[in-house]
Structure formats: structure tokens, C-alpha cells
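Welcome, and thanks for taking a look at this model with me. Please have the sequence and the coordinates open as you read.

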Amino acid sequence: MLKAIIIDDEQHCIDRLQLLLGNHSETIQVLGSYSSVEVGKKEIDRLKPDVVFLDIQLNEDTGFDLLSQFERIDFEVIFTTAFDNYAIQAFKFSALDYLLKPIAEDDLEQAVKKLIKQTGLRDTSQRIETLFHNFKREIGHSKKLAIPTMEGLVMVDVDKIIRLQSDVNYTHIFIATNTKITTSKTLKFFEEILDPQQFFRTHKSHLVNLKYVVSYIKGKGGYVVLSNGSKLEVAVRRKDLLLQKLKTI
Amino acid sequence: MSYQLKRYFSFLLLFLIVAVCHAQSTLDSLKNELIENTTRDTLRIKTLISTSAELTYTHPKSGLSYADEALVISQETNWKKGEALALRQKGNLYYVQADNLRALDHFQKALRLSVDLGDDELSSTLNSNIGHIHADLKEYDKALERYNAFLTFAEESNNIPNQIRGLSNIAIVYNDLENYEEGLPYLEKALKLAEQEDNDFFQAAIINNLALGYKGLKEYQKSLEYYHEAKGIAESIGNKYILTSALNSIGKVNILLGDYDAAEKAGKEALSLSQETGTIEWQADSWEVLSKVYEHQKNSVDALDAYKKHISYRDSVLNEEKKAELARKEMQFEMEKQQTAAAQEIEHQQLVKNGYLTGAILLAILGIAGYFFYKRRRDEIEKKKISDFKAKVAETELKALRSQMNPHFIFNSLNSISDLITKNDTENANEYLIKFSKLTRSILENSEKKWISVQEDQELMELYMQIESLRLKNKLSYTFQVDDDIVVEDTLIPPLILQPFIENSIWHGLAKKPEGGHINITMKKGDGLIHCVVEDNGVGRSKTLPIQDGKSSMGVKITRNRLEIINTLEETKGKIDLLDIEGGFRVEMMIPFELQF
């Protein structure tokens, strides 16, 4: 049985989530619901829940303000939000789960299933850390990407990613340190979250960090040669756009 | 006196030409060589010039043809030095024929060539020859300048004969100016060199001139000695011309000294020699000497006869001289005229050049200004076109979003949810709401995108049709068929481009049909386009037309605009056809086939 608490500043949202979680009463027990950062912090410390359903906008504060008060986060966090593309992007980056309001029943079901699978690993701190790291806006600051793998979560500096290659439903990520990470996320997932100014889909199976392109070899679509020596095919339709991007770098 | 000097120039001139070319060849052997060897090469040019040079003094007119041929061959073979030599020879020939104008012209042409060639020796000889012409024209300053240049080069190149020529010529100019004192040192220096060289002809000529100088200075005794010396050398080298001149001078000086016997002797000897050679000027001189001698002997008959002869010969000489003088004046006039004409021509050309230049600059400025104006105008038009297009794009995007999220749809959906709630059908109300929010979210997200995959678009349209189906109490069914040769993940279409037609079918075709109906959507590939068909079995357009509210046509209009923008950007030929069919309505749309990769 998982212990859960809900933190949201709107009662109808709490009510709806409680109603929906009622369908999962054999796996999740809602210990309480709170509407402010202050109370939420206190109650988390007291109740030590396994999972917190956390709204992003909490009156004048945010759910992030709440999380930043913990030194170590040993509970799972599922963010709930109505519409915030920027935050959703950040969650995807940090491999954090989220639910969109109004919450669809099947979405919640998916989230609960994942919770049951994940409990015990408890790498939440790491992911929240990654989230906060990515929120920093400093010059020359490189974002970190939390990549779920078979062995667990791997944090990767985005600037260190040379390229990504799709392999059916898996993606191989090649890092500058000469390591390869394989994840069950699709290449499309990464294409959507990574900065399109930096990463370019040269081919159906290839997403390339333009920073590591050393040369372009002419051809029908041609090839790009990367600093690690790999030579990748460029799709005919991506050629013009690629050359345009390479020029602007 | 002047004609004597002129002859003296000619001696030197002749020497110059021969010295440069085949000095030792005789005329006959040269002519033979020309007949035997007809190859048009530098050797022939040299031979031709030598032949012409040989003829300079004797037959200048026939010498001209040789020089002309040399000139032609030189130009043919592009031998610049040959050309310069031929020109100089032609100049010499004209000079001998007293055609100074042409002579000068040829010398100057030759000089230009030799300066270009950097041939200093040739240039210096030409300077000397041009100096002769200046001396003849009594332009003594210019003559001295040229002779000095010639002399300087001769000294630099250690060419003794040319030093002698230079020195002599300078001295002769001073003599001509009656500035004997200035001239004598040059002559003495020249004489020393000539003695060194052991050149009798030079010695004879120089001594003759020295004698003339001392006579001018009234040092008759010294003058007489020099004349005797000149006479001696002239006899030994057999130069009758100098010999005659010296004898006449001896006669004249002796008269001045009062030695009439010696004068008579010299005069008679000179007369017979000059009669022998047919030299009129010397005959005139000889008769003058004899007339004075006879007068002194009181032999008035002979004196008168001699005087008459002297006058008659002198007149003919004077006539010649006058003719020469006239020719000289004419030439000077001609030269001045030419110079004026040349100056005018230069001025005119300068004016024309300036005119052209000004015109060109003006034209260039006008052209540049015109271009800038044109460019600015063109850029403005281009800018306006682009901004217009951008405005149209933005406007269409906004309108597309609004047509997809149109208030009708929003409030009808909310109304349906409200209706379900009042009827306590919470399950359906919930399902409706979740789908509605999902669709709304997707539309908002995708409204920023120009293209999405067919797969995503299909999901959106199905979501939309599901919502409408819920509202119509499941009276609506749909099928969505995409041909296998369209890979839905990789094929792109503009988001929700078919939505307005689906909406039309639902609202104006099926909603009005009590038993409900079916919408069939198909996508096929062909001709680089995707052929999309939205077909319904509703009531058709004919029934809906009278009550058309304009909104549906608005949706179609926006879609047409979107397609037009795509056609402009991608240079494609997408189009929309609205067709009434038996028991329904059909929309055919061609959109460009775009692949993601």
C-alpha cells in the first residue's frame, strides 16, 4: 500500500483526484490533502508519504518552492498542472511524472502503475535536483537530462551528447565520454524536448548534436561526420535545412 | 660661307651611316649580295641599309628604295633596331636632298624607337643628325644641345671618331656664330684626337676649319699655314673637294697678305680643279681671287672677265642659296604650322577626352544613383510583398486556430456536458470533458506547428469526431483510411487542415439527418500530392445552402488561404474541390506530399 498526499490550492481539483484515486484504493491510500507550501512541508515531514501529488501553482508560491525546502526527497512526486508547456518540458527532461488537469482516468492509471513499479528505487532527489539544475539560467550553463535505463536513472549533460540513434522503440545515446546509453524512450521524445537549435534530426534514425559536426560530405543527401568519427547518412529532405543550420552555427 | 659648312656636315653624316653598317663593303659587292641573297632577314636589312648609305651622297633618290625595303622587312620581322636604322637612313637621304622636314620626322621616329630599345649609341647618332638640321635652321642653341649630348655619349663610350665629330660640329656652330675664340679649342682638341687616330680625312677637314677660325680672328699668317697643311693632307688623300676649298682660301688669305703671285697661283690651281669637278661654288671663289689678282696687275680686261664670271657663278650659287633659304623658311613655316596643328590637335583631344571623362563620370553617377533608387524601390516593394505575405500567414494561422477552436464548438461542447450532468449521466459527462480538454490542449499545442505527422493529425481528427459523436448521441460514425504507401509517422500534413470539412459534414450534412450518418475520410498518394477525400452521406449542400450561416464557408475560406500559403512556400499545386454527390457531399483536397525525412 502506497501512502499519498495531495497538495493543491483548489478544492475541486483535490476532490476530483481523490475521487479518481478511490478507484485504486487497494494500492494507494490518500492520507490527506493540503493547500499551501507551508502546511504541505509540515505534513510531508510528519506523514512521510510515498507519493505526493503536487500542483505547480500554489497561490503565490509554486510546488518547486516546497520541494526546494527538502534536503533529501525520499518520496515520489507527481506534478499536476493545467497547462504549462515550459514546466512539462522540464518534467520530461528530468524524467518526472506529471498529470494534466482535468485528469483523465487512464492517465492516472498509467501513473499509478508506474508508481508501483518504481517504489523502492527512490531516485527522486536526483531527478528533482536535475529539474532545479535545469531551471538555472546561467550563461554557458548546460542542461542535464535524466535518462531512465534498465539499470536506473542516468544523468547526462546535454552538451556532452554527441548523437542519438533510434532502434525500434529504443534509443541509443552516444556520449562524448565514449559511453553509450540505451533507453526505452523514442527518438521522437528526445527530438521534442531537446533544443532544436542544438540538436538536428538528420535522418529518421539519427538525432545529431550540431556542436559535434566536423564536416559534411556531399551526396544525394550526403553525410555528416562527427568528432567521434562516426559518419551518418543525411535524409535528402533534411539536407537543405541541415546546411542552413550548419551555416548559422 | 654657310654652304661650305653645310658640306662639312654632310661629310660627317656620311661617315656616321657607313660606320654603323658595312663600313668596308663597296657598292657593287653590296648590290651583288642583295641579288644573291633574297631571304628577308636581318642580314638583308643590314645590306640594304649599307647599300642605301653608299648611295647617300651620289644618288640619294635611288638610295631611298633600298631604305624603304629595309624598313618594310624590319616591320615584317618586328626587328625594332632595323626599323630605327632604316628610318635614320631615310632621314639622311632626305637631309641630303635638303628636305629637312621629312629628315627631321624620320630622325625623330628613329630616335623614339632607339630610346624604347635603350640603344644609347644609336640614340646619340640620331641626336647628332637632328643637331645638323637645327644648325641648318640656325637654331644654334638646339643644335649645340644635341651635339653636346652626342659628344657626352661618345666620351662615355670612349668612341674617338665620334668624339672628333662631336667636337668638330660644336666648333663649326661657334664658327657659324662668328664666335671663333669659343670654337678653336674644340677644333684643336678634335685635331689632337684625329692625329692620334691617324685619320687624314678628319685632319684635313679640321685643319681647314682651324684655318677658317684664325682667318676670322685676322691671324692671317697662322691661317695660311693651316690652309697649306689642309691642302697637303687633301692632296695626299686625293680629296679634291677639300683641296679646292683650301686652295681658294690660300688665294684669299694671300690677297689679304698682299702676296698676289701666290694668290694667283693658288687661284688658278683651284679654278682648274673646280672646273674639273664642276663645283660651281668653288669656281665662283676662284674667279673672285683671280679677279682681285688681275685688278692688282692692272690687267683690267681679264679682271673684268674674271669678275663677271665670279658674279655669274656667285649669282647661281646665291640663287641656290636663296632657294635653300626659301626652302628653309618654308620649312620653318611648315614646322610651325604643324606644331600649331599638333598643339591644337592635342588641345582638341584633351578637350574631347575631358568631355568624355566628364560624360562618363556623370553617366556613372547617374547610373549609380539610378541603380540605388531602383534598388531601394525594388527592395521596398519586395519588403512590402514579404511583410504582406507574413501578415497573411499570421492572420491565417490565427484564423485557422479560431476556426478549429470556434466558439460554436466550445459552447456546444460545454452545453452537451452540462446537459449530461443534468441528466445525471456523469460517466458520459466525464468522458466528454476529458476528450474535450485533450483536444483543446492538442489544438493549442499544434497551432504553432506548420506540419504534423499524419498519425498525430489522425488522432486529433478522431478525437474531434468522437466528441461530436458523443454530442450527437452516437448517431455519427466514421472511417479513416490511409493508404499503405503513406507512412503515417513520417508523412506530414498541416495540422487539422481537413477539420473544417468534417465540421461542415457533421453540422450541415449529418446533424440534420434524423437517423444519423457516416463520414468517410481517405488519404491516397499520387503525383507528389496527397489526395484527401472527406465524404458524407448527409443531406447534401442543396438543402443546407439556403440556411448557410456563412461560418462554414469561412472555414473553407481559411483552409483555402492556408493551402495558398503552402503553395507559395513550397511551390506546389494543392487545391480544394467541393462536390455535390448523390446523397451526400464530397470534398476533394490535394495537399503537397511532404516527408519528414
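What follows is a short tour of helix packing, the chain contact, salt bridges and some backbone details.

This is a predicted model, in which local features need pLDDT of at least 70 and side-chain atom pairs count only at pLDDT 80 or more, while totals for chains, interfaces and linings use all residues. Residues are numbered from 1 along each chain as its sequence is written, chains are lettered from A and ligands numbered from 1 in the order in which they are written, and side-chain values use heavy atoms, with hydrogens and water left out.

Let us begin with the helices. Two packed helices are described by the angle between their axes and the distance between the axes. Here axes are lines fitted to C-alpha atoms, for helices over the stretch in contact, and angles run from 0 to 180 degrees between N-to-C directions. Helices (H or I, at least four residues) and strands (E, at least two) are DSSP runs, numbered from the N terminus.

| Helix pair | Axis distance | Angle |
|---|---|---|
| α1(A) (residues 11-21) and α5(A) (residues 105-118) | within 11 Å | roughly 65° |
| α4(A) (residues 85-94) and α6(A) (residues 124-135) | 9 Å | about 130° |
| α13(B) (residues 240-257) and α15(B) (residues 280-296) | within 10 Å | roughly 25° |

Angles under 35 degrees count as roughly parallel, over 145 as roughly antiparallel, 65 to 115 as roughly perpendicular and the rest as oblique. Leu17(A), Leu20(A) and Leu21(A) of α1(A) touch Glu105(A), Leu108(A) and Val112(A) of α5(A), where contact means heavy atoms within 4.5 Å. By class, this contact has five nonpolar, no polar and one charged residues (Ala, Val, Leu, Ile, Met, Phe, Trp, Tyr, Cys and Pro count as nonpolar, Asp, Glu, Lys and Arg as charged, and the others, Gly among them, as polar).

At about 130°, α4(A) is oblique to α6(A). This crossing is right-handed. Among the residues that make the contact are Phe91(A) and Phe93(A) of α4(A) and Leu131(A) and Phe135(A) of α6(A). The class count is six nonpolar, three polar and one charged residues.

In chain B, the angle is roughly 25°, which makes α13(B) roughly parallel to α15(B). Here the crossing is left-handed. The contact of α13(B) with α15(B) has five nonpolar, five polar and five charged residues.

Now to the meeting of the chains. Chain A gives 20 residues to the contact and chain B gives 14 residues. Together they bury about 1,400 Å², 53% of it on carbon and sulfur atoms (buried area is the accessible area, with a 1.4 Å probe, that two parts lose on being put together, summed over both).

How many salt bridges are there between chain A and chain B? The count is two salt bridges, each a side-chain nitrogen of Lys or Arg within 4 Å of a carboxyl oxygen of Asp or Glu. Lys204(A) pairs with Asp490(B) in a salt bridge (2.9 Å, N to O). Over all chains, the structure holds 29 salt bridges. Another salt bridge joins Arg46(A) and Glu43(A) (2.5 Å, N to O); both lie in helix α2 of chain A, three residues apart.

Finally, the backbone. Most residues other than glycine have a negative phi, and most peptide bonds are trans. Lys48(A), in the loop between α2 (37-47) and β3 (51-55) of chain A, has a positive phi of about 45°. The peptide bond from Lys101(A) to Pro102(A) is cis, with omega near -5°, and Pro102(A) sits in the loop between β7 (97-100) and α5 of chain A.

Definitions and conventions: A crossing is left-handed if the near helix is turned anticlockwise from the far one by less than a right angle, and right-handed if clockwise.
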